[in-house]
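Let's take a walk through this protein, starting at the metal site and ending in the strands. Have a look at the sequence and the fold first.

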Amino acid sequence: MVNITFWGVRGSTPCPCEANKRYGGNTACVSVEAPDLDPIVFDLGTGLRFFGDAIGADGPFRGLALVTHLHWDHVQGLPFFVPIHQPGSSIQICGRSDEGTLREAFNSFMRPPFFPVRPDDLSGDISFSDVADGDFEWGRARISVRDVPHTGATNGYRVEVDGVVIAYVSDHQEPVDGGGIAPSVLELCRDADLVIHDAQYEPQEFAMKADWGHCTVEYAVRVAAEAGAKRLALFHHDPSHGDEVVDRLLVDARNFAAGTSVVEVVAAAEGLTVALSPASVPTAAV
Ligand SMILES: [Zn+2]
Ligand SMILES: [Zn+2]
């Protein structure tokens, strides 16, 4: 069984408040865990802190972080990940930067006066790997990295482990001219068991912010359906969308998905775990 757990589901900025209580206010962080596999984490947003709390401090941590890009909502959680303060812990951070190496980028924003601690000051070992458009392995998991249209250099990831395929496309610019979906994104999501996808805007919001790097819920469904994916998790919720708005967008998404390959749509919520195995049969969207 592969467990995918959402620790932070928001885009842009943390937004804890009463109106967002059910879906949560932390920014992007999702863990992928399988038996005898060192955990994989998509993005290091503020939700990472809660993944750290859940792991506890029984022995050193070893894991892989797949970072899509370096916007604050995807990296801010790193120093608050308690397991990395433990000697003997290690995390390999994969990603890319528009300027210089990934290591240089982390060293440039995680240092005084912006923050008191640098990556090298943490007790655990942090290694950085610049990755773009390639494939590699982590234990028995196969990782694919492809380009995703956003507002700067951005990766999407596909993880295949124990017969389960998960695609992670957190920030995705919908073509403003109504053009087609980037082939690299379709490749990531092809026949996936679960696509975790940007679902930031309602149509009227997209009309106002068309070039801000994101997409509508309808576009998220379109990506998953054109790729032949089975399940879709709406992700990177707009910080202004209270629980009722996300509920409504989920109903819309399920309607858009009717009659497509996407038979299950959920709205990512903090603490939600999606457990998948090759034998998992999607439940029909209602
Ligand atoms: Zn983002
Ligand atoms: Zn972004």
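His-74 is buried, at a relative accessible area of 0%, and His-236 is likewise buried at 0%; buried here means under 20% relative accessible area, exposed over 50%, and partly exposed in between, using a 1.4 Å probe and protein chains only. A quick word on ground rules: this is a predicted model, where local features need pLDDT of at least 70 and side-chain atom pairs count only at pLDDT 80 or more, while totals for chains, interfaces and linings use all residues. Side-chain values use heavy atoms, leaving out hydrogens and water, residues are numbered from 1 along each chain as its sequence is written, and chains are lettered from A and ligands numbered from 1 in the order in which they are written.

**The zinc site**

Those two histidines matter to this story as protein donors of the zinc ion (ligand 1), together with Asp-73 and Asp-171. The atoms involved are OD of each Asp and NE2 of each His, lying 2.1 to 2.2 Å from the zinc ion (ligand 1). Donors are N, O and S atoms within 2.8 Å of the metal (3.2 Å for Na, K and Ca), and water is not among the atoms, so sites may look incomplete.

What is the arrangement of the four donor atoms around the zinc ion (ligand 1)? It is irregular, because the angles run from 86 to 168°. Along the sequence, the spacing of the donor residues reads D-H-x96-D-x64-H. His-74 sits in the loop between strand 4 (62-66) and strand 5 (90-95), and His-236 in the loop between strand 12 (231-235) and helix 6 (243-257), so the pair, 162 residues apart, links distant parts of the chain. Helices (H or I, at least four residues) and strands (E, at least two) are DSSP runs, numbered from the N terminus. The zinc ion (ligand 2) is 3.4 Å from the zinc ion (ligand 1), and Asp-171 coordinates both.

**Aromatic pairs**

Rings of Phe, Tyr and Trp (its six-membered ring) pair if their centres lie within 6.5 Å; planes under 30 degrees apart count as stacked, over 60 as edge-to-face and the rest as tilted. That rule gives ten aromatic pairs, including these two:

| Pair | Centre to centre | Angle between planes | Type |
|---|---|---|---|
| Phe-51 and Phe-61 | 6.4 Å | 85° | edge-to-face |
| Phe-80 and Phe-115 | 5.7 Å | 80° | edge-to-face |

Phe-51 belongs to helix 1 (residues 48-55), and Phe-61 to the loop between helix 1 and strand 4. Both Phe-51 and Phe-61 are buried. By contrast, Phe-80 is partly exposed at 41%, and Phe-115 is partly exposed at 22%. Elsewhere, Phe-6, Phe-42, Tyr-168 and Phe-235 form one aromatic cluster.

**Strand 5 and its neighbours**

Is strand 5 buried or exposed? Five of its six residues are buried, so strand 5 is largely enclosed by the rest of the structure. Strand 5 pairs with strand 4 in the parallel sense over five bridges, and two strands count as paired if DSSP finds at least two bridges between them. Ala-65 has Ile-93 of strand 5 as its bridge partner. Strand 5 also pairs with strand 6, in the parallel sense over six bridges. There, Ile-91 stands opposite Ile-126 in strand 6.

Conventions. Tetrahedral: all angles 85-135°; square planar, octahedral: opposite > 155°, others 65-115°.
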